[in-house]
Amino acid sequence: MEVKELTFKGSEKTVLYACGACGLLHSPTIYACDSEKAHATAHRFAEDCCKPKVCECGVELGKSHYTACEKCRERKRLEAAQVVKAEDYHGVVQSETNSGDWGEGYFSDLGEISEHCHGHDETEPAYVFTCTEKLLQIDPESILLNAADDMHEDAHDQIEAADELFAFIKEWNTKQHCKTYYPNWKQVIILDQARFDAVLKQPTYPI
Ligand SMILES: [Zn+2]
Ligand SMILES: [Zn+2]
């Protein structure tokens, strides 16, 4: 993009660089490096300001803050993931392409996928990610820190019977069964090898 240089009245020296498209100003004074480098950096930011961002495959990224398109990000995620055999995994799985019996792509078990997809007119996913779980628990230390937070400096040290609170919460925590699941993008279970391979073979560069 074209860069417009701004000067103070009566001076030839450039003090600011403006994006020729949107007019946004880029100042060299905000960079801690030497003047020449700072001017070059501000000039580059002004030049790149409204430049359309492009994925390595050639797809325009628009206003997305990602450096790769959705397909390339998914391909890279799968390339980096460890393949887990379906028979070696028991538990919740997640797929971006399906609703799931628990909603938002979560299936309570691999065995639920087929029936759920047929019942909801969905194509079965080519692959799913395993999930990690987080159990609802209370951290007694954070409660005490929170209680003493806006009190005087030594308040936390003057708390009595903290061990009783710790013992109670430890017991209480064992009674909790509420779990939240998160997709583990480092482990993938392949359900349809041909469709999985097709995702990995998406062209990296424009064809
Ligand atoms: Zn701009
Ligand atoms: Zn791409």
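The 4 donor atoms around the zinc ion (ligand 2) subtend angles of 105 to 117°, which makes their arrangement tetrahedral. Here, four donors count as tetrahedral if all angles lie between 85 and 135 degrees. Welcome to a predicted model, in which local features need pLDDT of at least 70, side-chain atom pairs count only at pLDDT 80 or more, and totals for chains, interfaces and linings use all residues. Residues are numbered from 1 along each chain as its sequence is written, chains are lettered from A and ligands numbered from 1 in the order in which they are written, and side-chain values use heavy atoms, with hydrogens and water left out.

**The zinc ion (ligand 2)**

- The protein donors are C55 (SG), C57 (SG), C69 (SG) and C72 (SG), which lie 2.2 to 2.3 Å from the zinc ion (ligand 2).
- Donors are N, O and S atoms within 2.8 Å of the metal (3.2 Å for Na, K and Ca); water is not among the atoms, so sites may look incomplete.
- Along the sequence, the donor residues of this zinc ion (ligand 2) show the spacing C-x1-C-x11-C-x2-C.
- C69 and C72 are both buried, where buried means under 20% relative accessible area, exposed over 50%, and partly exposed in between (1.4 Å probe, protein chains only).

**The zinc ion (ligand 1)**

- C19 (SG), C22 (SG), C49 (SG) and C50 (SG) coordinate the zinc ion (ligand 1) at 2.3 to 2.4 Å.
- The site of the zinc ion (ligand 1) is tetrahedral, with angles of 104 to 124° among its 4 donor atoms.
- Its donors are spaced C-x2-C-x26-C-C along the chain.
- H26 sits in strand β3 (residues 25–26) and is buried, with a relative accessible area of 13%.

**Overall build of the chain**

- The chain's secondary structure comes to 6 helices and 10 strands; helices (H or I, at least four residues) and strands (E, at least two) are DSSP runs, numbered from the N terminus.
- The radius of gyration of the chain is 27 Å, while a compact globule of 207 residues would have one near 17 Å.
- That radius is taken over C-alpha atoms, and the globule rule is 2.2 Å times the number of residues to the power 0.38.
- The C-alpha trace spans about 75 × 65 × 30 Å along its principal axes.
- Buried residues make up 29% of the 207 residues of the chain.
- Taking contacts between residues at least 6 apart in sequence, 53% join residues at least 24 apart.

**Nonpolar cores**

- In soluble globular proteins, nonpolar side chains tend to be buried together.
- A nonpolar core is a set of buried Ala, Val, Leu, Ile, Met, Phe, Trp, Tyr and Cys residues joined through side-chain atoms within 4.5 Å.
- The largest such core has 13 residues, of which Y89, V93, L110, I113, V128, C131 and I189 touch the most other members.
- At least two residues of this core come from each of β8 (106–107), α3 (113–119), β9 and β10.
- V128 contacts V93, Q94, S95, L110, I113, Q187, V188, I189 and L191, leaving aside its neighbours within four places in sequence.
- A second, separate core of 9 residues includes V188, I190, F196 and V199.

**Salt bridges**

- The structure holds 8 salt bridges, each a side-chain nitrogen of Lys or Arg within 4 Å of a carboxyl oxygen of Asp or Glu.
- E133 and K179 form a salt bridge, with their closest N and O atoms 3.5 Å apart.
- E133 lies in strand β9 (residues 127–135) and K179 in strand β10 (residues 179–190), so the pair ties together parts that are 46 residues apart in sequence.
- E133 is partly exposed at 47% relative accessibility, and K179 is partly exposed at 37%.
- E74 pairs with R77 in a salt bridge, the closest N and O atoms being 3.2 Å apart.
- Both E74 and R77 belong to helix α2 (residues 70–80), where they are 3 residues apart, about one turn of the helix.
- E74 counts as buried at 14% relative accessibility, while R77 counts as partly exposed at 25%.
- K4 and E2 meet through their side chains in a salt bridge (3.6 Å, N to O).
- A network of salt bridges links E56, R75, K76 and E79.

Terms used: Four donors count as tetrahedral if all angles lie between 85 and 135 degrees; four count as square planar and six as octahedral if opposite donors are over 155 degrees apart and all others between 65 and 115; anything else is irregular. Contact means heavy atoms within 4.5 Å.
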